[in-house]
Amino acid sequence: MTHFSEDTAPETFTALLEERGWILPGEKVASVSVAGAGNMNVVLRLQTNWRSLILKQSRPYVRKYPDIPAPANRIDVEHRFYQAISQIARLSCFPKIAAYDATQHLLLMEDLGQTEDLTRLYASRNVPDILLDSLAGALAGIHTAPAPSDFPDNLELRRLNHQHIFVLPFLPENGFSLDTVQPGLEGLAAPLREDAKLKARVAALGDAYLEQGQTLLHGDFYPGSWVEAGNALFIIDPEFSFMGFPEFDLGVMAAHLYMSGMDPELARKTLGAYPLPYREETALQVAGTEVVRRLIGLAQLPLERSLEEKETLLKTARQWIMA
């Protein structure tokens, strides 16, 4: 496997694309740049003499944390997800795929242009109704996509994610000092890590996460995977996709909109906007677990909240988990 980066010469990319028949006769790559600070994969913008393309490559580790191993074939999951989604004609909120190379773990796709992910919602503390409805509609579209029976189980990546969602945040000694994030946060985490009933409920939810389900999931449906290009909303980065239970995606979305708007009713409103059948208790348990892991786990968010506000978030999350 050849590792490509922003330092790879444009001529090398031209040869790569020509060899695979991915560009037109006479088309040349003129410049290469980083297209986004993705956590998992290398994402490059290839500017040719005629157009702009995005090239993604997965490595056998997490791009942002090279000491964390991750399956290199996760790009195959992303490719298969986009193939499944392409069968839903009404869904236009996903980038179009141009080509895929399994041997080099490369995915070539359309360039959406200048985009901004919706992590800005955390700072704005405002979730417009029109955005909530658009997200709920896009999620319902994903969940109704006819995924093939041999869709990858993505179990290796799920096991990695399982540790960071359902296990590590609840360990008293996990090697991560929360007080370096915000003084006093370690003290807020202690009661949750000592609550045996809460941890048992989270563990059961984690077991369900690792089981095979019937619904195609995005797997990481949060503001970092939602981007705006012009006036359009797009959903990206489905490398955590798998066949599971719909309440997982739904609960994760509800959790992040709650943390953005700081209003528990936003979570209920999110669930109400989702047009398909779901189990409210399970969705809220997922939402509560996601809030907890984002506040006291390794995967911290650009979420500027006072210690008192985080205490409120964690109390509400506990209520949802134990409901």
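Select Trp226 to begin: beyond the residues within four places in sequence, Trp226 is in contact (heavy atoms within 4.5 Å) with Glu116, Asp117, Leu118, Leu121, Leu135, Phe221, Leu233, Phe234, Ile235, Met253 and Leu257. You are looking at a predicted model, in which local features need pLDDT of at least 70, side-chain atom pairs count only at pLDDT 80 or more, and totals for chains, interfaces and linings use all residues. Residues are numbered from 1 along each chain as its sequence is written, and side-chain values use heavy atoms, with hydrogens and water left out.

**The core around Trp226**

Now colour the largest nonpolar core, which has 81 residues. Such a core is a set of buried Ala, Val, Leu, Ile, Met, Phe, Trp, Tyr and Cys residues joined through side-chain atoms within 4.5 Å; buried means under 20% relative accessible area, exposed over 50%, and partly exposed in between, with a 1.4 Å probe and protein chains only. Leu216, Trp226, Phe248, Met253 and Val291 touch the most other members. Helices (H or I, at least four residues) and strands (E, at least two) are DSSP runs, numbered from the N terminus. Apart from this core lies another, of 16 residues, including Phe13, Val29, Val32 and Leu108.

Next, pick Leu132 in helix H4 (residues 129-143). Its relative accessible area is 3%, so Leu132 is buried. Not counting residues up to four places away in sequence, Leu132 touches Val127, Leu257, Leu266, Lys269, Thr270 and Ala273. Draw a line from Leu132 to Leu266: 134 residues separate them in sequence, and 9.2 Å in space, C-alpha to C-alpha.

**The sheet of three strands**

Show S6, S8 and S9, which form an open sheet in the order S6-S8-S9, with antiparallel pairing. Two strands pair if DSSP finds at least two bridges between them. Strand S6 (115-117) and strand S9 (232-235) are the edge strands, each pairing on one side only. Neighbouring strands here are turned by 30° against each other on average, direction ignored. Strand S8 (residues 226-229) pairs with S9 over 4 bridges, and the bridge partner of Val227 in S9 is Phe234. Bring H4 back into view: H4 packs on this sheet, touching S8 and S9, and its direction makes about 40° with that of S9. Axes are lines fitted to C-alpha atoms, for helices over the stretch in contact, and angles run from 0 to 180 degrees between N-to-C directions.

**The sheet of five strands**

Move on to the open sheet of 5 strands, ordered S1-S2-S3-S5-S4 with antiparallel pairing. Strand S1 (29-34) and strand S4 (97-101) each have a single partner strand, so one side of each is left without a neighbour in the sheet.

- S1 and S2 are joined by 5 bridges; the partner of Ser33 in S2 is Arg45.
- S2 and S3 are joined by 6 bridges, and Val43 stands opposite Lys56 in S3. A hairpin joins S2 to S3 through 3 residues.
- Strand S3 (residues 52-57) and strand S5 (residues 106-110) share 5 bridges; Ile54 has Met109 as its bridge partner in S5.

How many of the residues of S2 are buried? The count is 6 of its 7 residues.

Helix H1 (residues 10-20) lies across S1, strand S2 (42-48), S3, S4 and S5, at about 110° to S1. Helix H2 (residues 74-85) lies across S3, S4 and S5, at about 40° to S5.

**Rings to zoom in on**

The structure holds 11 aromatic pairs. Rings of Phe, Tyr and Trp (its six-membered ring) pair if their centres lie within 6.5 Å; planes under 30 degrees apart count as stacked, over 60 as edge-to-face and the rest as tilted. The pair Phe4 and Phe13 is tilted, because the ring planes stand at 40°, with centres 5.5 Å apart. Phe13 is buried at 0% relative accessible area, and Phe4 is buried at 6%. Phe81 and Tyr82 make an edge-to-face pair, 5.8 Å centre to centre with 75° between the planes.

For a last stop, select Phe166, Tyr209, Phe242, Phe245 and Phe248, which ring pairs link into a cluster.
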